[in-house]
Amino acid sequence: SSGINAEWPLRPGAPLLTPARDMSRARPHHQAIRNNYRRQVIRMQTFDRLQLKTIAESDLLPKRLKEQAALDFANMPYDSHPNMPVDQCPHTGHKAGVINDYKINRMFFRNFAHKGHIAGLKFWKYP
């Protein structure tokens with residue numbers, strides 16, 4: 001005997017293994033963290049970015065102040081640009097087909113709704 005229990009997957013109460021194909025669609029953890037970081041940077045620096053841009057483009061303010069604002073604006077983090085974040089699914093990384101209210105891909109949304117993992121949402125089935 002090789003020590004492998006052939007009946008293990010068939011035992012009642014045995015944990016179900018996730019198929020490898022489902023895991024291949026999962027998004028790496030570091031990408032999800034970076035996406036959340038980008039959203040936080042934009043949330044924190046949107047107002048500052050707008051102010052610096054307005055000061056730099058103003059015709060009424062002194063030239064020295066405008067130059068300093070333009071320099072500060074140019075030195076802002078790249079991730080602070082408002083067009084930077086794209087609504088991506090944290091599980092798959094897909095940009096298309098994301099349900100904006102839940103921020104997940106439509107395939108995952110359907111599976112989670114079917115399993116009852118989304119609070120307040122009931123998946124309709126024909127009786």
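1. Confidence. The protein has an average pLDDT (the predictor's confidence in each residue, from 0 to 100) of 75, and 72% of its residues score at least 70. This is a predicted model, in which local features need pLDDT of at least 70 and side-chain atom pairs count only at pLDDT 80 or more, while totals for chains, interfaces and linings use all residues. Residues are numbered from 1 along each chain as its sequence is written, and side-chain values use heavy atoms, with hydrogens and water left out.

2. The lowest mean confidence, 45, falls in helix α1 (residues 20-24), and the highest, 94, in helix α3 (residues 63-74). For residues 1-11 the pLDDT is below 50, and the model gives this stretch five contacts beyond near neighbours in sequence; a contact means heavy atoms within 4.5 Å.

3. Elements. Four helices and two strands are present, in the order α-α-α-β-β-α along the sequence. Both are DSSP runs numbered from the N terminus: helices are H or I with at least four residues, strands E with at least two.

4. Helix α4 (residues 106-115). F108, F109 and A113 are buried here, where buried means under 20% relative accessible area and exposed over 50%, with partly exposed in between (1.4 Å probe, protein chains only). These residues lie on the same side of α4 because they cover an arc of only 130 degrees around the axis, taken from the directions from the helix axis to the C-beta atoms. R110 and K115, on the other side of α4, are exposed. Cover for the buried residues of α4 includes β1 (98-99) and β2 (104-105).

5. Burial overall. Of the 127 residues in the protein, 20% are buried.
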